[in-house]
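Reader: I would like to learn how to read a disulfide in a model. Could you walk me through one?

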Amino acid sequence: MKAFRVAAFCLMAALVATGTSASAQQPDNSVPQPMREKMFPLDVSYVAVSLNGRPFPGERPAVMLDSNFRLRGFAGCNNYSAIAYPQLEQGIAVGPFALTKRSCEREIMNAEQAFLLALRTAQKWDTNGPTLTISGPNGEIRLERSL
């Protein structure tokens with residue numbers, strides 16, 4: 001028994017001398033840690049800031065995806081709704097729109113059509129603080145969180 005105590009004491013002394021302890025091993029930082037998958041912000045309202053870097057004329061479009069995957073909002077002239085599904089690796093699939101039939105000035109209607117086309121064909125999304133970016137082959141929409 002005395003030999004066991006001496007061996008344990010020597011082991012502890014060796015660990016202290018090297019600056020480590022048996023109970024507090026440092027993690028191996030050479031192994032990359034897996035990144036956590038981002039979650040699409042459900043039940044959060046966003047207002048569009050720009051489409052392909054250009055601001056919207058008139059009243060800015062709005063977007064919200066609720067927990068039932070119903071996408072709804074204001075497109076610049078008309079209200080819209082659709083089904084949208086966030087997918088793995090920050091993908092998104094947006095279904096066909098249901099729209100109101102209001103008519104506005106040509107510039108507003110053109111901006112609305114471009115916004116809806118970019119939203120309908122969106123393939124990827126990303127968040128960075130209060131900013132949500134939705135992008136696809138027909139453009140990139142930058143949105144900011146609203147009240």
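Author: We start with the ground rules, then go from the overall fold to the disulfide. This is a predicted model, where local features need pLDDT of at least 70, side-chain atom pairs count only at pLDDT 80 or more, and totals for chains, interfaces and linings use all residues. Residues are numbered from 1 along each chain as its sequence is written, and side-chain values use heavy atoms, with hydrogens and water left out.

Reader: Which elements make up the protein chain, in order from the N terminus?

Author: Helices (H or I, at least four residues) and strands (E, at least two) are DSSP runs, numbered from the N terminus. Here there are two helices and ten strands, in the order α-β-β-β-β-β-β-β-α-β-β-β.

Reader: How many disulfides does a search of the whole structure find?

Author: A disulfide is a covalent bond between the sulfur atoms of two cysteines. The criterion is a pair of cysteine sulfur atoms within 2.5 Å. The search finds one: Cys-77 and Cys-104, with sulfur atoms 1.9 Å apart. Cys-77 sits in the loop between β4 (70-74) and β5 (79-87), while Cys-104 lies in the loop between β7 (98-99) and α2 (106-120), so the pair, 27 residues apart, links distant parts of the chain. The disulfide is right-handed because the torsion about its S-S bond is about 85 degrees.

Reader: Is Cys-77 buried or exposed?

Author: Buried means under 20% relative accessible area, exposed over 50%, and partly exposed in between (1.4 Å probe, protein chains only). Cys-77 has 3%, so Cys-77 is buried; Cys-104, at 23%, counts as partly exposed. Of the 147 residues of the chain, 33% count as buried.
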